[in-house]
Structures are given as structure tokens and as C-alpha cells.
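Q: Hi! Could you walk me through this protein chain?

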Amino acid sequence: MNKPSIDQQSLRTLARLTFGNAASLVYLGAVAAAAVFVTVDTLLVAHDDASFAGVWLFLLAAPTVFLFLLGGSMAGAESFGPAWFMYLALTVSVLVQSLALGWFVRLVGGGARRSRTAHPQGA
């Protein structure tokens with residue numbers, strides 16, 4: 001019987017790093033606010049010319065979104081490729097960056113949390 005490569009503990013750790021700290025939640029909240037802004041601007045506001053509201057999502061998802069889009073164009077997709085690929089690249093890049101942000105927070109602030117044993121005074 002083969003053991004799965006990613007166990008439940010690993011998935012919990014990835015989810016905690018991606019969604020379970022304040023820095024990642026602030027980042028994901030900013031991305032969600034920008035997505036709502038882009039949606040409202042696209043659907044409800046009439047423009048004489050093109051709107052640059054979508055640029056905010058790409059700026060928040062940079063630089064990883066550009067790596068995904070570059071990979072897609074190298075695989076044969078024209079320009080930005082199909083719309084589903086662009087949305088997938090945005091979503092995956094935001095999740096990757098949230099994971100990286102959570103990992104960084106854990107790296108910087110994790111030293112105090114690692115030692116949970118009580119230390120005697122003066123030792």
C-alpha cells in the first residue's frame with residue numbers, strides 16, 4: 001500500500017501558512033478589495049475609454065503572475081492567453097504569495113513559538 005505524498009498534517013500546515021496569520025490575511029483582504037473594485041468598475045461604471053482598474057490586481061499579484069503568464073506564452077498561448085488561464089494565473093499567484101508571506105512571518109517570528117517549555121529563572 002502506497003503512502004500518499006502529502007498527508008493531512010502537511011495540508012494543515014500549508015493552509016495555516018497561507019490563511020492563518022495576520023500578514024497573509026491582510027494581503028488576501030487587499031486582493032479581495034481590489035477584485036471587488038475591478039468588478040464594480042467593469043460592470044457598473046461607464047467609461048469613454050478603457051479603464052486601468054485591472055492593473056491593481058496585477059500589481060498585487062506581481063511578480064509571480066507575470067511568471068505564470070510568461071510560462072503560458074512560452075507554452076504557445078498568445079499574449080495573455082485565454083481568459084480562464086489569466087484568472088487561474090492570478091489566483092494561483094496570489095495563493096503562492098500568501099503562502100510565501102506566511103512562511104516569512106513564521107521564519108521571522110517563529111523563534112519565540114518554537115520553545116514552549118518553561119525555563120527556570122536565571123537559566
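Below is a short chat about this model.

A: Happy to! This is a predicted model, where local features need pLDDT of at least 70, side-chain atom pairs count only at pLDDT 80 or more, and totals for chains, interfaces and linings use all residues. Residues are numbered from 1 along each chain as its sequence is written, and side-chain values use heavy atoms, leaving out hydrogens and water.

Q: How many helices and strands does the chain have?
A: There are 5 helices and 0 strands. Helices (H or I, at least four residues) and strands (E, at least two) are DSSP runs, numbered from the N terminus.

Q: And how much of it is buried?
A: Of its 123 residues, 22% count as buried, meaning under 20% relative accessible area with a 1.4 Å probe, protein chains only.

Q: Which residues touch the most other members of the largest nonpolar core?
A: Leu 57, Val 65, Leu 69, Leu 90 and Val 94 do, in a core of 15 residues. Such a core is a set of buried Ala, Val, Leu, Ile, Met, Phe, Trp, Tyr and Cys residues joined through side-chain atoms within 4.5 Å.

Q: Which element gives the largest share?
A: H2 does, with 5 residues.

Q: What does Val 65 touch?
A: Leaving aside residues up to four places away in sequence, Val 65 touches Phe 58, Ala 89, Leu 90 and Ser 93. Contact here means heavy atoms within 4.5 Å.

Q: New topic: why does Asp 41 count as buried?
A: Because its relative accessibility is 10%. Asp 41 sits in helix H2, and beyond four places in sequence Asp 41 touches His 47, Ser 51 and Ala 53.

Methods: Buried < 20%, exposed > 50% of the residue type's maximum accessible area, 1.4 Å probe, protein only.
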